[in-house]
Amino acid sequence: MANPIVAIVGRPNVGKSTLFNRVAGERISIVEDTPGVTRDRIYAHGEWLGKHFSLIDTGGIEMSDQPLSTQIREQAEVAIDEADVIVMVVDVRSGVTDADEQVAQILYRSDKPVVLAVNKVDNPERRSDVYDFYSLGLGEPYPVSSVHGVGVGDLLDAVIKNFPENAANEEDDTIHFSLIGRPNVGKSSIVNAMLGEDRVIVSNIAGTTRDAIDTHFKADGREFTMVDTAGIKKKGKLYENTERYALMRSMRAIDGSDVVLVVLNAEEGIRELDKHIAGYAHEAGKGIIIVVNKWDTIPDRDQRTMTDFTNLIRQEFQYLSYAPIIFVSAKTRQRLIKLPKMIEEVYDHCRRRIQSSVLNDVIMDAIAANPTPSTNGRRLRVYYATQVAIEPPTFVIFVNDPDLMHFSYARYLENQIRQAFDFSGTPIHLIKRKRK
Ligand code: GDP
Ligand code: GDP
């Protein structure tokens with residue numbers, strides 16, 4: 001399940017994010033209308049010669065109130081902690097700087113393979129300057145021009161040569177879920193409570209990196225895998241409390257999950273970063289449960305406080321209207337016992353398949369109740385619908401002209417499908433296609 005992780009490190013302005021975008025390429029696609037999702041990524045998928053990997057730009061993990069040297073050191077440590085292979089980037093124009101040496105020394109002491117990229121080698125005359133970088137003690141320097149895409153292939157050849165042998169983990173059919181959320185919302189408290197005495201912990205599976213450890217357990221007769229348990233429990237380093245690091249960790253956990261628990265803190269309400277994190281889970285098409293933790297801290301809580309909070313969530317996370325909400329307390333364990341069952345239900349909804357005949361009955365009834373719209377005298381015709389995928393459930397609707405099916409009518413059909421079949425917790429995708 002887990003792909004190898006490649007982290008990009010280096011002092012500011014050497015071209016880390018340019019290289020990151022180059023390697024991630026078109027795979028960076030962000031649904032524009034998901035609120036809270038910014039375009040600047042620090043985590044993405046890469047692929048080279050059929051090998052898939054996750055890519056982290058540690059330069060995006062800023063600790064703004066820290067001196068530069070601390071930031072550079074922390075970023076190098078993130079790379080060492082997270083990655084299977086590290087790409088250190090330097091700038092051919094400036095030669096070897098003190099900051100480069102500082103980074104190299106930290107990497108040198110770790111046992112992670114490092115590939116050295118000498119960036120901004122935009123023309124052949126620069127090539128002779130590349131040899132100076134042998135002095136960093138990190139082996140052969142690879143000349144690249146991230147802006148022009150030159151040399152990146154050779155660099156990636158060197159990167160994938162260093163992937164661990166066991167990189168392709170065998171798939172298992174347990175329910176993979178993760179807890180994501182801002183620092184201090186109570187993720188590790190929930191993990192501890194969920195993995196408490198009454199659960200049989202089957203095993204801890206070491207992933208491709210030291211720190212990505214998944215925990216297997218059984219509950220209600222089903223087998224679960226809690227993704228990246230160690231990452232949740234790990235605490236203490238400076239960068240672990242930064243928002244960008246929380247975001248990066250979340251994206252990684254989302255990647256490996258079927259169902260994602262988005263944890264909110266009732267005491268603090270909803271923050272911008274909550275929306276960011278939830279936006280990524282939505283975009284990834286995963287099953288989602290919204291878990292409001294620290295419910296014990298709300299004074300005089302009753303049905304009304306719960307309804308108010310629910311309304312607030314629905315308003316702030318409009319694109320997550322399908323996600324169930326549960327109010328819990330890791331401290332008092334209130335309602336935690338319900339979580340495995342909920343995860344299981346959402347998982348089953350994510351994998352639900354609807355027979356075409358039944359689906360088409362629903363679609364035709366929907367059209368009868370609310371006829372298709374016309375644009376400029378041309379009426380939308382819907383011929384046939386069929387489910388083509390699960391996780392998330394994806395439906396293709398064949399029509400006379402896809403442009404005639406506006407967002408609002410697609411939304412209407414989605415709602416009718418949701419009313420007919422229980423898809424709570426999972427996004428569903430509708431693809432409109434012209435019938436040939
Ligand atoms: P980061 O701070 O290490 O992430 O660096 P950026 O990716 O933001 O790049 C810093 C500057 O270097 C930007 O102005 C880039 O356009 C420029 N840059 C990045 N790669 C190259 C390259 O291959 N050639 C040249 N000439 N400029 C580059
Ligand atoms: P994480 O960073 O999301 O993993 O958060 P932690 O699990 O480390 O919790 C952060 C703080 O919130 C700790 O001091 C916990 O004791 C506290 N906390 C966690 N869950 C609850 C809860 O349900 N109620 C209360 N009152 N405090 C909680």
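The centres of domain 2 and domain 3, taken over C-alpha atoms, are separated by 31 Å; the domain bounds come from an automatic or database domain assignment. The contact between them takes 13 residues from domain 2 and nine residues from domain 3, two residues being in contact if their C-beta atoms, placed from the backbone, lie within 7 Å. On the side of domain 2 that touches domain 3, the elements giving two or more residues are β12 (287–293) and α10 (339–350). The largest share of that side, four residues, comes from α10. Helices (H or I, at least four residues) and strands (E, at least two) are DSSP runs, numbered from the N terminus.

The model is predicted: local features need pLDDT of at least 70, side-chain atom pairs count only at pLDDT 80 or more, and totals for chains, interfaces and linings use all residues. Residues are numbered from 1 along each chain as its sequence is written, while chains are lettered from A and ligands numbered from 1 in the order in which they are written. The protein is divided into domain 1 (5–161), domain 2 (171–350) and domain 3 (356–434).

Six strands form an open sheet of mixed pairing, in the order β2-β3-β1-β4-β5-β6; two strands pair if DSSP finds at least two bridges between them. The edge strands, β2 (43–48) and β6 (141–143), each pair on one side only. Strands β1 (residues 5–9) and β4 (residues 85–91) run parallel and are joined by four bridges. Within β4, I86 is the bridge partner of A7.

Both A7 and I86 are among the residues with the most contacts inside the largest nonpolar core, which has 94 residues. Such a core is a set of buried Ala, Val, Leu, Ile, Met, Phe, Trp, Tyr and Cys residues joined through C-beta atoms within 7 Å. A residue is buried if 20 or more other C-beta atoms lie within 10 Å of its own, exposed if 12 or fewer, and partly exposed in between, with C-beta atoms placed from the backbone. The largest share of this core, seven residues, comes from α7. Domain 1 (5–161) and domain 2 (171–350) both contribute residues, so the core lies between them.

Helix α7 (residues 243–255) has 13 residues. Eleven of the 13 are buried, so α7 is largely enclosed by the rest of the structure. The buried residues of α7 include R244, Y245, L247 and I254.

Methods
Expected span 1.5 Å × (residues − 1).
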